[in-house]
Amino acid sequence: MPFDLVEPSSLGEAFKLLDPDDPAVRPLAGGTALMLLMKSGFFRPKRLVSLRAAGDRLARVRVEPDGALRIGAMVRLAALERAPELRRRCPVIGHTLRTLSNVRVRNVATLGGHLAHADPHSDLPPVLIALDARLVLAGPRGERTVPVDGFATGLYETQCKGDELIVEAIVPPAGGKRAAYVKCTTRSADDWPALGVAVAWDDTGGIVKSPRIVLGAATEKPTRLAMAESVIAGHGLDDALFARAGAVAAEEAEVVGDARGSVAYKKQLVKVFVGRALRAAQARGGAPA
Ligand SMILES: Cc1cc2nc3c(=O)[nH]c(=O)nc-3n(C[C@H](O)[C@H](O)[C@H](O)COP(=O)(O)OP(=O)(O)OC[C@H]3O[C@@H](n4cnc5c(N)ncnc54)[C@H](O)[C@@H]3O)c2cc1C
């Protein structure tokens, strides 16, 4: 089936070309997810709106005066991985990206496409949730900012309306945060994860403050584990607490099975990998997240 491919030169033009009432009209970023859907016949577009030339704002990584990072939606994952601002201020994102698929995919895929696609197995959303990141969404009615936590509303579903675009992600200054992401792949090392766990907390004299424990790939959408978080909040971490947090996380998580593991297997992974993620973040010492 023929379709139109259009390349607006501004966000304003892009909004006019999108159609909130027609799911066959979609924005196009790197195309790594969309092309697979099209090849399999699952998605038949009427119009693809390429964001490649829609403005500098989408293509930049900037540091705000308060130290927050603003990352444009069209920044490619490989460029983000190498961005000096990110390496200095938030290395956990770079560490995560180096484990995400392979460099051929990362050279083409973009941050906005990664988040908008909302595959529950995606590696970055748990990390961005753990860091309290937000997204700037823009559309013909203006802009709004939403937390990454809750942006995915279900399997491949998000809060983004049909005529809205992700424009930027904002990652707050990491300060003295400790953070880590660990994942388990059951096929090759660069395969989609069977489970991913991101953790972050403010370290005040060895005591855990404002912890985040976020699970991906084993749940229908990236999910914070509040009970496991409360196990470590206000404590100094040791091996017993790593194990306790893992056990509580496995009980709390509403795990779903898939081709990479049954519910029982993934529960066991949660139990083990939550402890590993906490230990990895603890081992990073005073280095920024
Ligand atoms: C072989 C392969 C292996 C992969 N392995 C992994 C893996 O291990 N871990 C992992 O996390 N990911 C993995 N991925 C997924 C990859 O991260 C996504 O395909 C990619 O991030 C999508 O980005 P894109 O820029 O190509 O998006 P596109 O394919 O262009 O778009 C994806 C979706 O987002 C929409 N969209 C794009 N940009 C915006 C925007 N700014 N605002 C609103 N909507 C938008 C599109 O309309 C479409 O619905 C893999 C992909 C491939 C092809």
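Helices here are DSSP runs of H or I with at least four residues, numbered from the N terminus.

**View 1. His 114 sits in helix H7 of this predicted model.** The helix covers residues 111–117. Is His 114 buried or exposed? With a relative accessibility of 13%, His 114 falls under the 20% cut-off, so it counts as buried.

**View 2. Who touches His 114?** Skip the neighbours within four places in sequence, and His 114 is in contact with Leu 77, Leu 100, Ser 122, Asp 123, Leu 124 and Pro 125. Val 49 makes a handy landmark: 65 residues away from His 114 along the chain, with 16 Å between the two C-alpha atoms.

View 3. Count up the secondary structure of the protein chain and you get 11 helices and 14 strands.

**View 4. The C-alpha trace of the protein chain spans about 60 × 45 × 35 Å along its principal axes.** A compact globule of 289 residues would have a radius of gyration near 19 Å, and the protein chain agrees, at 19 Å. Buried residues account for 50% of the 289. Take the contacts between residues at least 6 apart in sequence: 59% of them link residues at least 24 apart.

View 5. The protein chain has an accessible surface of about 13000 Å², with 53% belonging to carbon and sulfur atoms. Its side chains include 39 positive and 32 negative ones, and the centres of these two sets are 4 Å apart.

Conventions. Residues numbered from 1 in each chain as written. Predicted model: local features only at pLDDT ≥ 70, side-chain atom pairs only at ≥ 80, totals over all residues. Heavy atoms only, no water. Helix = DSSP H or I, 4+ residues; strand = E, 2+ residues; numbered from the N terminus. Rg over C-alpha atoms; globule rule 2.2 N^0.38 Å. Buried < 20%, exposed > 50% of the residue type's maximum accessible area, 1.4 Å probe, protein only. Contact = heavy atoms within 4.5 Å. Areas by Shrake-Rupley, 256 points an atom, 1.4 Å probe, with all protein chains shown as cover. Lys, Arg positive; Asp, Glu negative; His and termini not counted. Charge placed at Lys NZ, Arg CZ, Asp CG, Glu CD.
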